[in-house]
Amino acid sequence: MSKNILKAEKICKSFVTDGVVNNIIKNMDIEIYKGDFTVIMGSSGSGKSTLLYMLSGMDKVTSGNVYLKERNITNLKEKQMAEIRKDNIGFVFQNMNLIPDLTVRENIVSPAYKSRISKSNVNEKVEELLQQMDLKEHEHKFPSQLSGGQKQRTAICRGLMNEPELLFADEPTGALNSSIGENVLDIFTMLYNKGQSIVMVTHDLKAAARGNRVVFIRDGRIDGELDTGTFYKEDIKEREIMLYHFLSQRGW
Ligand SMILES: Nc1ncnc2c1ncn2[C@@H]1O[C@H](COP(=O)(O)OP(=O)(O)OP(=O)(O)O)[C@@H](O)[C@H]1O
Ligand SMILES: [Mg+2]
């Protein structure tokens, strides 16, 4: 068994709306392992984004504990948590969340503000990312001047800027047409092959087949898990078929 980077123990999340308590995540145990490309699936509203926010320390759990590299991060103050996130975690949001008044380059660099990376390394890193993601010629554009794929690639670069131990991505292809979506998925595959640990939420079977582990969530609980990693080197179609069976058994 490989080493866990992140471990959540009996985590719960409840929201109170109009005096009614909704339990969204219920006593969930989950571990995320180093070097894995973990995929989280489940129907709309099943709590995938909520789970990602808790695992990445962007939102508090209602109860339970979260450990990042064996350190309990559950009850840290926001300021401390922000430091830990900056050094360990990258996040690509479901709606990208680019800052409209900042250029592509400025958006990408924004997490490096006060990070452990030195100024000269920041410049080097942003150049590397712009080249790698084919954004160099767009670096001075604003988000409103970009295509969907370019926006998403900018959001991914921003998530990678601080060289995070763990990259979270919430539906990174959800807003893209299929060929641009494939292109973004190729980026995730490339990152995974380079050893980046990734946790990605998706609705899409083809996207999910890029991972080596798929976790299916239903009704606030883990309803099943599939290790596609053993098939990883083989044809992607084979993994898609395996995954299709796994998902159909769960009424997907
Ligand atoms: N801040 C909040 N306040 C109240 N309810 C919330 C809040 N955030 C999420 N919820 C509720 O929690 C449930 C899960 O939401 P979540 O966004 O985690 O779902 P999801 O699985 O990511 O869905 P999708 O696939 O549509 O993105 C939904 O019923 C949602 O209405
Ligand atoms: Mg969501």
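Student: Which element gives the most residues to the shell around ligand 1?
Tutor: First, remember that this is a predicted model. The answer is α1, with 3 residues. In total, 13 residues surround ligand 1. Among the closest are Lys48, Ser49 and Thr50.

Student: Which side-chain atoms lie 2.7 Å or 2.9 Å from an oxygen atom of ligand 1?
Tutor: Look for polar atoms. A polar side-chain atom of Lys48 is 2.7 Å from a ligand 1 oxygen. For Ser49, a polar side-chain atom lies 2.9 Å from an oxygen of ligand 1. The protein buries 60% of the 640 Å² that ligand 1 exposes when taken alone.

Student: Now helices. Which residues of α4 are buried?
Tutor: Start with the general idea. An α-helix has 3.6 residues a turn, so residues three or four places apart point the same way. In α4, the buried residues are Val122, Lys125, Val126, Leu129 and Leu130. They cover an arc of only 130 degrees around the axis, so they sit on the same side of α4.

Student: What do the buried residues of α4 pack against?
Tutor: They pack against α3 (104-109) and α5 (148-160). On the other side of α4, Ser120, Glu124 and Gln131 are exposed.

Key:
Residues numbered from 1 in each chain as written. Chains lettered and ligands numbered in written order. Predicted model: local features only at pLDDT ≥ 70, side-chain atom pairs only at ≥ 80, totals over all residues. Heavy atoms only, no water. Buried < 20%, exposed > 50% of the residue type's maximum accessible area, 1.4 Å probe, protein only. Helix = DSSP H or I, 4+ residues; strand = E, 2+ residues; numbered from the N terminus. Arc of directions from axis to C-beta. Contact = heavy atoms within 4.5 Å. Near = heavy atom within 4 Å. Polar contact = N/O pair within 3.5 Å; in protein donor to acceptor, adjacent residues only side chain to side chain. Areas by Shrake-Rupley, 256 points an atom, 1.4 Å probe, with all protein chains shown as cover.
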